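Open the model in your viewer and show it as a cartoon. The tour below goes from one selection to the next and says what is there.

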Amino acid sequence: MTAQNVHQKIEGYDRVLEEANTAKRYGVDYRVMKGEVARVLDLLHPKSLDLRVSEIIEETPSTKTLRLVSENGYLPPFEAGQYINLFVEAAGVRTSRPYSISSAPNQTAYYDVTVRKQEKGFVSTYLLSRVKAGQCFESTAPAGQFRYNPIIHGKDLVFIAGGSGITPFMSMIRETTDRGLDRKIHLIYGNRIEKDIIFHKELKERAERHKCFTYTPVISEPTKSCKELTGFISAKLMKKVLKGAQGKNFFLCGPGALYDFCMPELESLGVPAGRVRREMFGAPVDITAHPGWPAGVKGNARFTVKVKGRGDVSALAGEPLLVSLERAGFKVPVLCRSGECSMCRVKLLSGKVYQPRGAHVRASDLKYGYVHSCAAYPVEDCEVLL
Ligand SMILES: Cc1cc2nc3c(=O)[nH]c(=O)nc-3n(C[C@H](O)[C@H](O)[C@H](O)COP(=O)(O)OP(=O)(O)OC[C@H]3O[C@@H](n4cnc5c(N)ncnc54)[C@H](O)[C@@H]3O)c2cc1C
Ligand code: FES
């Protein structure tokens, strides 16, 4: 069979040919549109964005929103729940951190990112104490799979947030209530103390104005005058406020500890794992406490990581390989920094790394010896290919 014959077997080939001939007869020249698809794709998914801080909004004593506008007048659309990875240059190190967009996608003039200061946090401290309006940053385009899918997730949603984990939900809640979308949302939002609750006033107001949205704040270390529910987001508490978990889809976002606590509670309510979506913020606090960490390797142990053909790096066992590479000045492509997207993969040529459960290493990466450097910890001297 010749190549021409193969084309003729494709359904619709004759129709397309006829259309092309008609277009040619009337003077349409599709060649002038060469590169159009690439141009549109680049608008939707640019490789990087140049953003400027237009305003800084203080949300709580430890949290600020940076309102980011485009330097060239265009921001690509995003879906509520997605994040951008913001690059910063701090203390001579170029690194990045992902931040969920907290503004709604129906508002196209800016992206809000709402950052909570972490104790001894490298980037959050820099963003909250050093950054001024007018400062510019490079970031990735919006990315991430933590978003609502009407086909899979139904119309009855429960959002469980801890601390700064409110941000992707804020975008979803703002979009749903602003646009009157046909969904029911119940937000259960845990914080240590009342003054840590981010967006409290706005959440209360939206719950009062919109029947489709219910808001339950929960405080774990309440003051005597606290009027909210207190304790942790337990099965008992969820049973009380949700009046049954059946048919509901759960979304969980916050620190790893929130997931570790809430998953067994949801299980005890009979919620199948397939009805829970999650996004965890930040690297584990103490990786050495994770199951399978090699006995005898301390978090502060140092190993030499040889970067093939490019030099040696002194790496802490308790810190992701990616951070050690960045500290030493290596530029590693990154996006999620949480083991999901595989952008930061490096080939492990020799030595061992620890990879916590949940790092989504693809079968092909496993087969050819690649690891996600943001979710891999050196536990002996290694050699990697960058
Ligand atoms: C998808 C996603 C969305 C997120 N969205 C939000 C959000 O909306 N709001 C929010 O507040 N957080 C969010 N996070 C968490 C956020 O990305 C950071 O993890 C968080 O701000 C803490 O970062 P940090 O640098 O302050 O602390 P860490 O990264 O935990 O740093 C802790 C310590 O590491 C050391 N260190 C780390 N990196 C370096 C380096 N390169 N060089 C030298 N020392 C270093 C420092 O000594 C510091 O003491 C999100 C995370 C993910 C995965
Ligand atoms: S940056 Fe996404 S897996 Fe490491």
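**Stop 1: the whole chain**

Keep everything displayed. This is a predicted model. The chain has 386 residues, of which 34% count as buried. Its C-alpha trace spans about 80 × 60 × 45 Å along the principal axes. In the cartoon there are 11 helices and 19 strands. Among the contacts with a separation of 6 or more, 67% join residues 24 or more positions apart.

**Stop 2: the domains**

Colour residues 49–139 as domain 1, 150–280 as domain 2 and 288–385 as domain 3. Between the C-alpha centres of domain 2 and domain 3 the distance is 34 Å.

**Stop 3: the antiparallel sheet**

Select strands E1 to E6. They form an open sheet with antiparallel pairing, in the order E4-E3-E6-E1-E2-E5. Which strands stand at the edges? They are E4 and E5; each has a single partner strand, so one side of each is left without a neighbour in the sheet. On average, neighbouring strands of this sheet are turned by 40° against each other, direction ignored.

Now zoom in on one pair. Strand E1 (residues 49–60) and strand E6 (residues 136–139) are joined in the antiparallel sense by 4 bridges. Pick Arg 52, and you will find that its bridge partner in E6 is Cys 136.

**Stop 4: the parallel sheet**

Select strands E7 to E12. These 6 strands also form an open sheet, but here the pairing is parallel and the order is E10-E9-E8-E7-E11-E12. Strand E10 (229–230) and strand E12 (276–280) are at the edges, so each has one side without a neighbour in the sheet.

Look at E11 (residues 249–254) beside E12: the two pair in the parallel sense over 5 bridges. Phe 250 has Val 276 of E12 as its bridge partner.

Helix H6 (residues 167–179) lies across E7, E8, E9, E11 and E12, and runs at about 150° to E8.

**Stop 5: the ligand**

Select ligand 1 and display its surroundings. How many residues surround ligand 1? There are 31, and the closest are Gly 121, Val 123, Ser 124, Thr 167 and Gly 282. By class, the shell has 12 nonpolar, 12 polar and 7 charged residues. E4, E5, H4 and H10 each supply at least two residues of this shell. The largest share, 6 residues, comes from E4.

**Stop 6**

Most residues other than glycine have a negative phi. Two exceptions can be selected here.

First pick Ala 91, in the loop between strand E3 (83–90) and strand E4 (93–100). Ala 91 is not a glycine, yet its phi is positive, about 50°. Is Ala 91 buried or exposed? Ala 91 counts as exposed, because it has 9 C-beta neighbours inside 10 Å, and a residue with 12 or fewer is classed that way.

Then pick Ser 342, in the loop between helix H10 (321–327) and strand E15 (345–350). Ser 342 is not a glycine either, and its phi is about 75°. With 19 C-beta neighbours inside 10 Å, Ser 342 counts as partly exposed; a buried residue would need 20 or more.

Technical notes:
Residues are numbered from 1 along each chain as its sequence is written. Chains are lettered from A and ligands numbered from 1 in the order in which they are written. This is a predicted model: local features need pLDDT of at least 70, side-chain atom pairs count only at pLDDT 80 or more; totals for chains, interfaces and linings use all residues. Two residues are in contact if their C-beta atoms, placed from the backbone, lie within 7 Å. A residue is near a molecule or strand if its C-beta atom, placed from the backbone, lies within 6 Å of it. Ala, Val, Leu, Ile, Met, Phe, Trp, Tyr, Cys and Pro count as nonpolar, Asp, Glu, Lys and Arg as charged, and the others, Gly among them, as polar. Domain bounds come from an automatic or database domain assignment. Two strands pair if DSSP finds at least two bridges between them. Axes are lines fitted to C-alpha atoms, for helices over the stretch in contact, and angles run from 0 to 180 degrees between N-to-C directions.
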